[in-house]
2 protein chains.
Amino acid sequence: MHTLITGAAGMIGRKLTARLVRDGALAGRAIERMTLTDIVGPEAPARAPFAVATAASDLAAADAAAEAIAHRPDVIFHLAAVVSGEAEADFDKGYRVNSDSIRELLEAIRLAGDGYRPKLVFASSIAVFGAPFPDAIGDEFFLTPLTSYGTQKAIGELLLADYTRRGFLDGIGIRLPSIVVRPGEPNRAASGFFSSIIREPLAGQEAVLPVSEDVRHWFASPRAAVEFLIHAASLARERLGARINLTMPGLSCTVGEQIAALARVAGADAVRRIRREPDAAIAKIVAGWPQNFDARRAAALGFRAETSFDEIIRAHIEDELGGRIG
Amino acid sequence: MHTLITGAAGMIGRKLTARLVRDGALAGRAIERMTLTDIVGPEAPARAPFAVATAASDLAAADAAAEAIAHRPDVIFHLAAVVSGEAEADFDKGYRVNSDSIRELLEAIRLAGDGYRPKLVFASSIAVFGAPFPDAIGDEFFLTPLTSYGTQKAIGELLLADYTRRGFLDGIGIRLPSIVVRPGEPNRAASGFFSSIIREPLAGQEAVLPVSEDVRHWFASPRAAVEFLIHAASLARERLGARINLTMPGLSCTVGEQIAALARVAGADAVRRIRREPDAAIAKIVAGWPQNFDARRAAALGFRAETSFDEIIRAHIEDELGGRIG
């Protein structure tokens, strides 16, 4: 089978690529060929047991989507996106990358004209929801995004559902929780502190906490995110019905609980590396974010996330730090 | 003030035009100028107390949206759409007219560059919802359209909300119930019988009923629809908050209750003109449609619909039949 990953150079794209290289199979079939695209050409993985093609591609540009599917990938992971902060800062770019590129991809599939009907796994986001929220956001809560990013992802979900209903492809949208602990350098995203207050102390460095400890949010590890994508690609169409966009399971947890988990896993010294530096602007942004979900449909379909923040921290230590705390 | 109506040649567009000509004012301000556009040039109303320009315009075509707002209308009623059946039969046309045209209009407004910030009233539809439904669909029920038309309207709602949030305009989306009694000739829409079983008997003609009498649906009269549009144009931005798309009030009623109302208003002879001719295909389509809503937000904001089907029939007799039953 042939699999295509768009946005393959991003954090999740690289981890998914590595996992598929390791597995050599997807949805019970051996992978024979893999195509990786991103706005800059992604790196080809070393020692892949199958052929890998890489391409720099802007899916919203003319013919790019048709080229991306020219070799008729059986499974497409559509991860290409600009993040929330960038979509808010650059209105045109956000719509172009987050909305237009999925429509172009869906149109290319519809117009293939040779009976092509791939599986498409779309990385959506809990940003499709906007405050005010119930205590736990259920599977039937409405889409009221309060960001351009969330709007663009919600449009992607609607298009995917309609093209799937019409029989042009077999789509599934999965709304990812906030993914922590993100590896790498601190970034300037408003959500960055959720990762950095764990990642930096584990590496022996100082981290800044801009909000109070009672801030609650919805999390899963990068490892769980990759597992969601792979499980989604393996799900039989019949199990989904008409409602193909699903909130993924996750862990609802406060900053205080994150810090308590850090103390349990890495000791009090690590916790002392967190410096409180309240930032009203960040606190205001975060106050509009979802805090808790009741993701029972996804759970019933076999999607699994971590059930304690300790697990999320240990996944980071295993996957990024070779099992050692700095 | 200057008002623009897109889709002005349609049934609701013509009734809205006539009402504004009669009122000479909107949202407490005198109308000085009116622009009417449609895919074929709409007829200018006779005896308007203000200047009326008409134009044939395909809003999804290059520059058409910029031309439509060239004279900076203060209030835009965006009614242009192809109906559900046509959007399902012609995939390209549905997305072009129902999704692309609102995006082009919003983009033209955003890019005006002179501080232009109109009020835009978008005619959305209860087709943004898809079965299975709760007993009464609440204001926070999620968008799961089961038609391309519903998908296109849902995308329009999301775009309108994001452009409004960003301050490019002042938008409001109103989800219209099924509008009955539609005047004019019977059409081939699956929903046509809801109107024809009233309209034809009142005109002394036979009508065909393709479904059973326990079929329930959600209705308002054309008169109520015009009232919704005018009330929406008059609502202060502050009263809406972030959730600018609203399910309009309506009447939940069965076909049997429709027929009982016809008997009360027009007598047993009228009812005898309804011929039962079950059609499994139509019954199946209608089974996926919403039956009942709890539209409390719209009610709290002052939107009003009929509370009995007798009223809906009497509105038709007054507005279309000069008060006389044929």
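# Exercises on a predicted two-chain model

Helix α6(B) passes helix α8(B) in a right-handed crossing; a crossing counts as right-handed if the near helix is turned clockwise from the far one by less than a right angle, and as left-handed if it is turned anticlockwise. This is a predicted model, in which local features need pLDDT of at least 70 and side-chain atom pairs count only at pLDDT 80 or more, while totals for chains, interfaces and linings use all residues. Residues are numbered from 1 along each chain as its sequence is written, and chains are lettered from A and ligands numbered from 1 in the order in which they are written.

**Exercise 1. Work out at what angle helices α6 and α8 of chain B pack, and which residues make their contact.**

Step 1. Locate the two helices, α6 at residues 192–202 of chain B and α8 at residues 255–266 of chain B; helices (H or I, at least four residues) and strands (E, at least two) are DSSP runs, numbered from the N terminus.

Step 2. The two helices pack at an angle of about 20 degrees, with their axes 10 Å apart, where axes are lines fitted to C-alpha atoms, for helices over the stretch in contact, and angles run from 0 to 180 degrees between N-to-C directions.

Step 3. α6(B) and α8(B) are therefore roughly parallel to each other, since angles under 35 degrees count as roughly parallel, over 145 as roughly antiparallel, 65 to 115 as roughly perpendicular and the rest as oblique.

Step 4. B:Ile197, B:Ile198, B:Pro201 and B:Leu202 of α6(B) make the contact with B:Gln258, B:Ile259, B:Leu262 and B:Ala266 of α8(B), two residues being in contact if their C-beta atoms, placed from the backbone, lie within 7 Å.

Step 5. By type, these contact residues divide into seven nonpolar, one polar and no charged; Ala, Val, Leu, Ile, Met, Phe, Trp, Tyr, Cys and Pro count as nonpolar, Asp, Glu, Lys and Arg as charged, and the others, Gly among them, as polar.

**Exercise 2. Describe how α4 and α5 of chain B cross.**

Step 1. The axes of α4 (residues 91–110) and α5 (residues 148–165) of chain B come within 9 Å and cross at roughly 10 degrees, which makes α4(B) roughly parallel to α5(B).

Step 2. On the side of α4(B), the residues that meet α5(B) include B:Phe91, B:Tyr95, B:Ile102 and B:Leu106, and among those they meet in α5(B) are B:Tyr149, B:Ile155, B:Leu159 and B:Tyr163.

Step 3. The residues of this contact divide into eight nonpolar, six polar and three charged.

**Exercise 3. Trace the order of the seven-stranded sheet of chain A, and find which strands stand at its edges.**

Step 1. The strands form an open sheet in the order β5-β4-β1-β6-β7-β8-β12, with parallel pairing; two strands pair if DSSP finds at least two bridges between them.

Step 2. β5 (51–56) and β12 (245–247) of chain A stand at the edges, each with a single partner strand, so one side of each is left without a neighbour in the sheet.

Step 3. From one strand to the next, the twist averages 15 degrees.

Step 4. At one end of the order, β4 (residues 33–38) of chain A pairs with β5(A) in the parallel sense over six bridges, and A:Leu36 has A:Thr54 in β5(A) as its bridge partner.

Step 5. Helix α7 (residues 222–234) of chain A packs on the sheet, where it touches β6 (75–78), β7 (119–125) and β8 (170–176) of chain A, and its direction makes about 160 degrees with that of β8(A).

**Exercise 4. State how the pairing runs in the three-stranded sheet of chain A.**

Step 1. The order of this open sheet is β9-β11-β13, and its pairing is mixed.

Step 2. Its edges are β9 (178–179) and β13 (251–254) of chain A, each with a single partner strand, so one side of each has no neighbour in the sheet.

Step 3. β9(A) and β11 (residues 216–220) of chain A run parallel and are joined by two bridges, and A:Ser178 stands opposite A:Phe219 in β11(A).

**Exercise 5. Determine what rotation relates the two chains, and how many residues they bring into contact.**

Step 1. A rotation of 180 degrees with 0.0 Å of shift along its axis superposes chain B on chain A (RMSD 0.0 Å), copies being superposed by least squares on the C-alpha atoms of residues with pLDDT of at least 70 in both.

Step 2. That is the relation of a two-fold axis.

Step 3. B:Phe142 comes closest to the rotation axis among the residues of chain B, at 1.8 Å (C-alpha).

Step 4. The same surface serves both copies, with 100% of the contact residues of chain B recurring in chain A.

Step 5. In this interface, 16 residues of chain B are in contact with 16 residues of chain A, and those on the side of chain B divide into eight nonpolar, four polar and four charged.
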